[in-house]
Each structure stands twice: as structure tokens, then as C-alpha cells.
Amino acid sequence: MSFERRTALSGRTAALSGKTAALSGGETRGSKAALVAGETYYRSRHCAAMLLCLSLLCGGCAWFGGGGKVDRGPTLAELEPAQLPDPDVKVPEVSLEDIENSYRGALQVAQSPEVRRKILTRLAGLEMARSENNQLAASEVRRFFDGAIDMYSELIELQEAHGDTDNLRYQLAKAYALDGRVEESAKVLDQLADTYPESGLMAEAQFRRAERFFSNGDYAAAEQAYAAVMAAGESSPFYHNAVYMHGWSQFKRNRYRASLGSFTRVLDAITPANGDFGSLQGPQRNLAEDTLRVMSLVFSYLDGAQTITEVYGKLGERPYHHQLYDRLGKLYLDKKRFRDSADTFIHYVNNYPVSDYSPAFSVRTIKVYELGDFPSLILPTKEAFVRGYGIHSEYWGMKDEAIRNELRTYLHEYIQELAKYYHAEAQQLKQPQQAKTGRAADVAEDKSERMSPQQRLAKQRQTYQIAAGWYQEFVDTFPDDQQTPEMVFLMAETFNEARQLPRALDAYERVAYHYLDKKRGAEAGYSAILVATELVEGSADEMRKSWELRKIASGLNFADYYATDKRAPGVLTQTAQELLQQGEQEKAVAAARRITDWQPPVAAGLRRIAWLVQGHALFDLQRYGEAEVAYRSVLRLLPAQDPTRVTVEERLAASIFKAAEQLLAADNKTQAIEQLLRVRDVTPGTEIAIKAQFDAANYLMELQRWQEAERELTDFRTRFPRHALSIKIPAKLVVVYQAMENWQQAAHTLTDVARSDADPEVQRQSLYLAAELYEKAGNRSDAILRYRKYANTYAEPFDIVMEARFKLAELYQADGQADKRRFWLRKIVSADAGAGARRTDRSRYMAAFSATELADDVYRQFVRIPLKLPLKQSLKKKKKALQDTLSAYKNILDYGVAEFATLANYRIGEVYARLSSDLMDSERPKGLDALALEQYEVLLEEQAFPFEEKAIEIHEANAQRSWTGLYDDWVKQSFDSLTRLLPARYKKSETLVNYSETIY
């Protein structure tokens, strides 16, 4: 049974006539109804009287038998055995006239007054029955009961002397009443009440009197008479009507609260076990309806619903308690007292919040507000309904599923209305400039216009939040409803507008991937991605990672579930990029390949991005061959002038380069070189291609594939003359050329380096090395040029410049340029002399060598001076040369270099020996006689001998170096000179000593 059925009985039954009389202001119909009820009783009593009369007639033959004898009938012995009547034998019908004739015949022969009284009573009953039949069959209005009235009047006179006449008076009153003679009927009833207060017919008599009093407006007397009927107890058939009319009598006397007790007794008596008056039938239902109606009037005359609460707070609640509030509310509604009607329902809800009927009263309240045009009250009431009875309420948890199902009917409607209202309200806050209609709208607009932008935004978001809450309420209440996906989508929209982005994301994804809503799923899925993007962009570092992963998952789901959506390829492409950024290379490759394999093919721009993602991911996964394919695909999709081509080409080059590195790691240099050189062919000009060619040349050098290395290095320098690596090319070419023994080309290369390199140190080293290589190539002129430039340019390092000077001395000697040689020899000597702490053994050696060479020049000059006449003059010159030579050789001894010390000593000895021999071989004066010549010879010997002695002394000193283990050419030559100067001592044959290796 619905809530409304619980609170409102069916209106199909008509109200009792008494109620109608009260409502219309007349009592005639009410009295007639009461008489009709009494008539039913009269008829039942009349039928009983007729049966009694027949029984008396059957037994009366013994009283009126012939001769006055009493025929007692057969004895027990004479009785026939009892037999059941034959069912096939029909009992003959007896008419009312036949019965009456029988009674009249009996009356003629009856002598006993008592018998005659009984017969007359039966005849009066028959007359009463005939009159009723005639009245029912008549088509005109007239009197029908005069005969019955006369007979009962006569019988009363006869009976008064012999016994009670209450029954006869009752029948007389009935006859008057049925004939419309109300006053006479009332008078008889009054006599009955006065005469027989204890009669069993008194209840009906009092009821008839009460009816008359009520009809006449004597409500006090009516109340008293009805009370008398009620005092007879509930066994009386007039009890319930008496109680009911007792209440009406009190009502008519404005004893409203008192009447409620009577009406309550009526309802208590007829209320079914389930408390639902709608289950009553016929008069009882009419009585219930009428009683509820009049009670509603009473409550409306008093304090309305508060009166119900107060009265039944004393009387105690009844099963029909809620119907009192229901009927009162309806009464108010019928009178268009909308606020009173709504307040009545609200009063019940407030006082009985957990009642099974409270939701129905809340619904009634809303409907009343709608009928009364109270829009400002409807929405709050619906909100209260949902909060009071919704799925999250305490009420919901207390009730069974049957009540919940009834609640769902209204919750389904109200929650949607609330959600959509607040949604629209929030949207309106976005557009305050748009015109609204109606006074309420004008007020709202005025308030809106007075808001600052910040206030408006805050209010708008708050309102969206409220709308979202109602959408959530619907979803919680109706998770499987066909409208739930739409509600979740709208909830997501409102959460989004309210900037509750995490909740919006959850809701969008629920629509897209839980409900798989065909209408809104794709839009929800795409919106989820947009919201996730906002969350990523607006999150701190600690949360950003999780939102990025959430966005990726949402993007993959969108592509999986809504692949036919035109946005799916773009979403999947972006997701692939994000997977790559998250380091999920394998997943990025899988997502990107879906784009490149998409059918029909997606836009070129998306395919280009997808290939690029694959390239980057595969590169990170060290799958360089596949990465190369991906990058090549990107380049095919890029316009020729696209500025990003450079970057992609670099990545392509890097892929090939990395593949080469893998080959190198596997010690497969040959194939690695091929890969490196392929970088140059595939992506010429890229930085990686440059490095790859350079590395390839290096590995060619490692494999000693000199010609190929030279070719690549030369090509590199030609292609990239200004590249930083080109600076290193000459040095490498030098190595290559040297390995190929192409000294000349190596020297040329180094010359270029010395000329062009920005590093002074490189220039210096290259210049020196170039000189060496030119020398090695036999190109003395270029070697001299480089050594000379070096020697003239660099004072440091000291040892290297000394070598350069020494080389120059040697090369000039080889080139036959003695003067230039002597120049550098002197440079060597002077540089060593001024070197100070920088002086080295090597520099001393070179200085000693150079000094020796220079001393030899002086010595040769000494040797070339002849002793000729005049001897004194030439000897003077010779001695001067002697001193110069001795000085030069003595300086050599200061270097402490043994090799040149022995030479110097030898030369000094030779100088003295040569002067001695030159003196002896000098030109003799002409014209000397033998004695003079002899004397002259003696004089020369005297002059020459000291020099010879000195020579021997020096040679012996030099020869003695052999004793210390030094026996070089110059020591040996000193021995030779001593053999010549002192043959007796030094000119001896060597003795060979034979020895045996035999051990004794």
C-alpha cells in the first residue's frame, strides 16, 4: 500500500447522511437516516412476531376445541415413528392474507381475554406488515399505517391493565414514524422512555428520541439521549451510531474537544487490525470517512495539528493516528489554506520523524507548496526530504526494503531536480548580464550584480559543489539506474567547475570506463584527460608524478575503449610521449606503434610524433637498429625546410653511432668502422657524423689500415676545416704518414700545424717535428729552414733549442756551408755558457762538441802558418796562433766531457809537437856557412826541444787515461804520437801471451 493509501482512504464511499446534514446546515436527512436504521430493526422484529403468531395458532386448537373438552393428543405409545420429510414434497406457500384470515377466525371463537389480546397483537403485526408492503409498492404519498396505529393503540389500552406495553408502544411509535407522523412517534417514544426506562427496547427508543432532538436542534437533549443509548453498551445495534451522533451533538454545541473523544470511540470501534479504513466496506467505511471528516473540522476550529498532538498525547496514539493529520491537511487544502495544510504535514514529520508515514507527509507538503505556488519553499522541502529519508539518512537504515523502494520513487525525482537546479544556478552565476524573468529572478540578479568578481567566483564554485553533491546522492541511491551514467557525468562537470579536479577525474573515468556510456563515454574520457592535465600542471613535485601516471592510464583507456573517436589517435600519441617522459620506454613504443599502424592512417603530424617517440624510446632501450628505422620514418614525414629536421638527423646519426659502439664493445671493429662511416653517408654534416668519421679514422689507425685512415682524415679535414676536431687531424696524419714512411708528407703536415694552430705550444712542437721529418726525408733545405726558424723563435725549452742549433750545425756541414755551421756552433757554445741552472749534460756535450769543432778551426789555422824567414817575425805569428789554439782546447777541457777532453789533450800535445817540428823544419837563412848553419841548427833545436818535451808530457798524460779505462781514438793517437816522439820508449812490438784454460 502506498504512502498516500496509508494516509488517505478511498473517496469512493459516500459520507453518512448525518455528516451531510451537519455540513449542509440541516438535520432532516440525518434523522431520516437514523429512522431508516431503526426501520431495519423494526422489520426484523416484525418477522419474529409473525413466526411467534403462527406458533401460537398451531397450539391454539387445544384452547378452542369442540364441547369444551381438551384434546391432549396421542400418547407417547400412540405416536408414529419419526420420519424425515420427503425432500421432493414442496411445502405449500401461505400468503399474508391467509394468515390474517386464520387469526381473524381464531379471534371470533376466542373467549379468553388473554388469547384475544395475543391474537390481536398478531393481527396488528400482520397489519403492520401489510402497511409496509403497501407503502413500498405505492406510487403516491399518503398514509398507510392508520390500521396498524389503531390496532396498537387499542392493544395498549387492553394491555396496560395486564402487563408491560413497552413492545406495543415501540411498534406504535414505529408505525407513526413510518407514516411520517414524527411528532406522534416522538410522543409515544417519550412515554416509553418515561414508563419503561429499563426496557430492552430503551436503547432504540432513546436513539429515536435523540434523533428527534438532533433534528429539532435541541443538541443538549440529543447529547443526553445519545449518551443513554451509549450507556446500554456496545451490544446495542444503535451503539456506534449513537456514539457518532453524540459527537455531532457535542460538535453542534461547540464542545469541540469533547466531541473528539466521542469520534475517537467511533473510530476505535470500527478500526480494522491494520489501521487502514480503506479496507472497510459499506456503512462502516462511510462512517469512518464521515468521522474523519468531522474530526478534521474540529481540529481546524482549534489549533490544527497541534491539537491532534495534544489530544492524543492524553488519549494515547491510535493506529489511525496519522490519518487525522492527513485529513486535516486535506481539509485545509480543500479550503485553499495552503500554508496551514503544509504546516500540518510538517508538524507530523517533525513530531514523528521515524514514522513509516512521515515521507508521505513530506511529499504532501511539497505538493501543497506546488499548488499554492510557493517556489521558494519547494526546493528546501525537497532537500529536507532527501536528507531526512535518503540513502545516507538514519531513517533509511531503520526501514525495510519495501519502504525504501517507495522512498526511491520520490528520491529519484527530487534528487534530480535539486542537482539540476543548483547546476543551473551555478551556470547563471557565470552570466550575470543575461536577463532573468520574475520577481525572484530580479532579486537574485540584484544580489548577483552586487558581488565582486572574487565573490561571484567563490559563490559559483560553491554552488557547483552543491550540485555535485546532489548528483553524487543520486548515484549512491540509484547505482544501477539507467540515468546514473548521465548523473555521474553531470557530477563530473560540476566537480570540474568547482575545481574539485580529483573528484571530477574520478567521475569522468567512471562514466567512460565503468558505465561505458555510449552517449557520454567518449566525452567523459576526453574530459578526464583534460582534468588530469590540469592536475599535472598544478601539482607540486611530490604529487606530480602520481597525476602524470594517472593521466597516462586515462589516455590508454581512452584509446582502448573509444578507438573510433576522432580524438583517440591524438590522445594516444600524447600518451606515448608521456610514457616516454616517465621512462616507460617499452610501453611508449607499444603505444606509438598503435598510431603508426592505425587504420585508416592518422594525420601525418601524429604519425611523425609517433615515429619520433618510437625512435627515442628504442634509442633509450639500446635497440639502435629499430631506432634508426623510426627516425628515418620521421624524416620522410618532415618537410624539407622543417627546422626540426636537424634534430631528427642528429638522433638518426646517434642511433647508427650507438650501433657502432655496440659493435666495438663486441670487439668487432671492422663492422663498427662501417657503421661509423655510414653515419657520414646517411646524415652528412651532423655533429655526430663528424665525430663518427673522426672515430672511424682512429679505428682505422688502430687496425693499421693506414691508407684508409689517411683518406678519411684528409677527407675530414677537407669537409670540416674549421671543426674543432680538425685541429687534431694533422697530428694523426703525421702518425699515418710516419707509419707509411712518407716523411715528406708528414713534415708538410706538421708545417701546416705549426703555421695554423692557435696553441703556441702545438706550433712549437710541430715546427720542430716537421724539421726532424724533413731531415728524415732527406730534404735538408726544408729541414734547415724549420730548425733555423725554431732556433730563432724559441728560447725554451732550452734542451730542445740546443738540439735545433746542433741540427743546424750538422745540416750546414752536410750542405757544405761551413760558415753557417760555425755560426750555430758558436751559438751552441754561448748558449750553454749562459744557461746557468738550465745547463744539462747534453748541452755541455753539444757545447763541448761545438767548441771542439771551433778549436779545430783554430788548430788548422795554427797548422797553416809557415815558419819562414825572417823567422822571428813568422815565429811570433806562429806562437800567437799557438796560444789561441791552446786556449781553445783548454776551454774544452772545462766541459768535463771525456770524449772531447782526450781530443783536446791530444790536440794540445800535437800543437806543441807541431811547433817543435815546424821549428826544426823552418826555412834556413841563405848564405850561412857550415858553422853558422850548425850553430843555427843548434839554436833551432834549443827552441824546438821544450815544445817537444811539452808535447810528450801532454800525450803521456792523455795516454795515461787508458789506465782508468778510457781508451778512445784520441788516447790511441796520443800513443801513436809518443811512438813517434819517443820511439825508444813507446815504439815496441806487442807481445802475445798464450794461456791455457785448463784448470789444474
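Which kind of link do the side chains of R257 and E310 meet in? Select both and you'll find a salt bridge, 3.4 Å from N to O. The term covers a side-chain nitrogen of Lys or Arg within 4 Å of a carboxyl oxygen of Asp or Glu.

Before you move on, some ground rules: this is a predicted model, where local features need pLDDT of at least 70 and side-chain atom pairs count only at pLDDT 80 or more, while totals for chains, interfaces and linings use all residues. Residues are numbered from 1 along each chain as its sequence is written, and side-chain values use heavy atoms, with hydrogens and water left out.

**Stop 1: around that first pair**

Now colour the helices. Helices here are DSSP runs (H or I, at least four residues), numbered from the N terminus. R257 sits in helix α12 (residues 256-270) and E310 in helix α14 (residues 305-315), so their bridge ties together parts that are 53 residues apart in sequence. Next, check the surface. Buried means under 20% relative accessible area, exposed means over 50%, and partly exposed is in between (1.4 Å probe, protein chains only). R257 is partly exposed at 43%, and E310 is partly exposed at 32%.

**Stop 2: bridges inside one helix**

Select K330 and D326, whose side chains form a salt bridge of 3.5 Å, N to O. Both belong to helix α15 (residues 321-334), and being four residues apart they are separated by about one helical turn. An α-helix has 3.6 residues a turn, so residues three or four places apart point the same way. D326 is buried, with a relative accessible area of 0%, whereas K330 is partly exposed at 26%.

Jump to K880 and D884 for another bridge, with the closest N and O atoms 3.0 Å apart. This pair lies in helix α42 (residues 871-893), again four residues apart, about one turn of the helix. D884 is partly exposed, at 35% relative accessibility. Salt bridges that share partners also join E289, D326, R327, K330 and R364 into one network. How many salt bridges does the structure hold? The count is 54.

**Stop 3: the nonpolar core**

Select M295 and L324. Of the 235 residues in the largest nonpolar core, these two touch the most other members. Such a core is a set of buried Ala, Val, Leu, Ile, Met, Phe, Trp, Tyr and Cys residues joined through side-chain atoms within 4.5 Å. Helix α43 (residues 898-920) supplies the largest share of this core, 10 residues. Show what surrounds M295: leaving aside neighbours within four places in sequence, M295 is in contact (heavy atoms within 4.5 Å) with L260, F263, T264, L267, Y312 and L324. Apart from this core lies another, of 31 residues, including I119 and Y176.

**Stop 4: helix α30**

Select residues 624-637. This is helix α30, with 14 residues, reaching 20 Å from its first C-alpha to its last, close to the 20 Å expected at 1.5 Å a residue. That expected span is 1.5 Å times one less than the number of residues. Among the buried residues of α30 are Y624, E628, Y631 and L635. The buried residues of α30 pack against α29 (604-620), α31 (645-665) and α32 (669-682).

**Last stop: E853**

Find E853 in helix α41 (residues 841-864). Is E853 buried or exposed? At 18% relative accessibility, E853 counts as buried. Beyond its neighbours within four places in sequence, E853 is in contact with R821, L825 and R860.

Terms used
Helix = DSSP H or I, 4+ residues; strand = E, 2+ residues; numbered from the N terminus.
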